[in-house]
Amino acid sequence: MKRTKIVDIFNPELIGSDVCVKGWVRTRRGNKNVQFVALNDGSTIKNIQIVFDLTKFSEEELKPITTGASIHVDGKLVESQGKGQTAEIQAEKLEIYGTADPNEYPLQKKGHTLEFLREKAHLRPRTNTFSAVLRVRNALAFAIHKFFNEKGFVYLNTPLITSSDCEGAGAMFQVTTLNLNDLPKTEDGKVDYSKDFFGKPASLTVSGQLEGELGATALGAIYTFGPTFRAENSNTPRHLSEFWMIEPEMAFYDITDNMELAEEFIKYCISYALEHAKDDIEFLSNMYDKELIDRLKSVINTEFVRLTYTEGVKILEESGHKFEFPVFWGADLQSEHERFLVEEHFKKPVILTDYPKEIKAFYMKQNTDGKTVRAMDVLFPKIGEIIGGSEREESYEKLSKRIEELNIPMKDMWWYLDTRRFGTVPHSGFGLGFERLVLFVTGMTNIRDVIPFPRTPNNCEF
Ligand code: 4AD
Ligand code: MG
């Protein structure tokens, strides 16, 4: 018999028919006459209840069906008597694929802490919480591709191994095949990278933007969606060493067009998840965050506030609120500042623009005041910065001057500067941190709980 996925089994038309299901046992309970097994196959948050009549099955046969075991059951789908479910299966035939020794299988009881489950990241997708999070993550990934595809953006794959530092933050992981215990040296005692795999120093990328700009100034509008690596030593609930980023880049967009796209994009993704991962979001809301669905809807239905960094700093300074980090014009805003603006002051998402040039990357378009650049960060409740972007400096002279000022090696940037030498155009783009979006939509509070296998300082297990 052909297998029916559990997500499809609650179809009323199937009542009365013979079905085949396969999955992992969540629980077994019952008495001498009848045993109930809750089975899940990962296709939905819902379990199907399987009823074993002990006149048809021996206790011995059912004994290996413990939490975590994998089984195949054929039987009749009937309306359920029990509350909380519409259908159940009266088992006719049982096949056990694999047992899970109750003394060894770590996911025994309900209500393991998220910290405990992080140490069992290889098995945690079998829990309700993580399977729900991973399905929401999947829905969001699909929404992202759908959104850009519908707008005619080209999906561009930018390299993961690179020899330039896009954000200029110096937080890069080096890539080398040199023997670290016996490094080749040049005459002046430095590492001789000409002997390394690429013949020069190479790293994992912190952003695909620079190559994205090459794409946008040829194809009109592109987006990237790929892994990004940052060796910042930030052990916070919102930072990963390896995270996924979506970076659209558009020719002929100014900062206002950029802000409009960012707002439309993020609302689209949240709406898509609410519609297509409804059961999972409801489950997560019930378990962890009763206000989740209201918060998601309120973001979709509200216009984001737009305000300059200078105005934002003024509000923070005049708030009388005591922040852990001092706030003054020129300071890089901390998550506490961003969240104050969003959660306390405006009570809605904020797009902050025109930051001091000193705290932003070299490629941002310089304003005529000589002090600020055309940056835009989208700030979200519970998250802080979810998107960072800008209009780009399209003037060859201004851009190369800024590169010099910041002592960025010009010879590494020749290909990037060529976009400004040949047919330069106004253009803009932004980067959305995928896990920060998943955090927001799932209502989880630690970024380690929204990626299957988190990488953070001192943590590279699995
Ligand atoms: O603000 P960031 O550093 O911007 C860029 O990388 C630009 N090149 C984007 C662009 O304009 N194309 O990073 C963009 C976003 C942040 O807003 C945040 O959501 C996320 O990436 N992000 C991180 N997410 C998880 N862990 C980290 N360590 C992150 N660092 C940034
Ligand atoms: Mg940023």
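## Ligand 1: polar contacts

An oxygen atom of ligand 1 lies 2.6 Å from an N or O atom in the side chain of Glu 385. This is a predicted model. Glu 232 also makes a side-chain contact: one of its polar atoms is 2.9 Å from a nitrogen atom of ligand 1. Phe 430 uses its backbone instead. An N or O atom of that backbone sits 3.4 Å from a nitrogen atom of ligand 1.

How much of ligand 1 does the protein cover? On its own, ligand 1 has 630 Å² of accessible area, and the protein covers 94% of it.

## The shell and the pocket

The shell around ligand 1 holds 25 residues. Those that come nearest are Glu 167, Gln 209, Arg 230, Glu 247 and Glu 385. By class, nine residues of the shell are nonpolar, eight are polar and eight are charged. The space that ligand 1 takes up is the largest pocket.

Which strands each supply at least two residues of this shell? They are strand 11 (242-251), strand 15 (384-391) and strand 16 (427-433). Strand 15 gives the most, with five residues.

Ser 390 stands opposite Gly 429 of strand 16. In general, strands of a sheet pair through backbone hydrogen bonds, either parallel or antiparallel. In a regular strand, side chains alternate between the two faces of the sheet.

## Strand 1 and its partners

Strand 1 (residues 18-30) pairs with strand 4 (residues 70-79) in the antiparallel sense, over seven bridges. Val 19 stands opposite Gly 75 in strand 4.

Strand 1 also runs antiparallel to strand 2 (residues 34-40), with six bridges between them. Arg 29 faces Phe 36 across this pairing, standing opposite it in strand 2. What do strand 1 and strand 2 form? They form a hairpin, with three residues between the two strands.

Key. Residues are numbered from 1 along each chain as its sequence is written. Chains are lettered from A and ligands numbered from 1 in the order in which they are written. This is a predicted model: local features need pLDDT of at least 70, side-chain atom pairs count only at pLDDT 80 or more; totals for chains, interfaces and linings use all residues. Side-chain values use heavy atoms; hydrogens and water are left out. A residue is near a molecule or strand if one of its heavy atoms lies within 4 Å of it. A polar contact is a pair of N or O atoms within 3.5 Å; within protein, one must be able to donate a hydrogen and the other to accept it, and residues adjacent in sequence count only if both atoms are side-chain atoms. Accessible areas come from the Shrake-Rupley method with a 1.4 Å probe; for residues, only the protein chains shown count as cover. On a 1 Å grid over the protein atoms alone, a cavity is a set of points where a 1.4 Å probe fits but cannot get out, and a pocket is an open set with protein on both sides within 12 Å along at least five of seven lines; lining residues have an atom within 4 Å of a point. A molecule sits in a cavity or pocket if more than half of its atoms lie within 2 Å of its grid points. Helices (H or I, at least four residues) and strands (E, at least two) are DSSP runs, numbered from the N terminus. Ala, Val, Leu, Ile, Met, Phe, Trp, Tyr, Cys and Pro count as nonpolar, Asp, Glu, Lys and Arg as charged, and the others, Gly among them, as polar. Two strands pair if DSSP finds at least two bridges between them.
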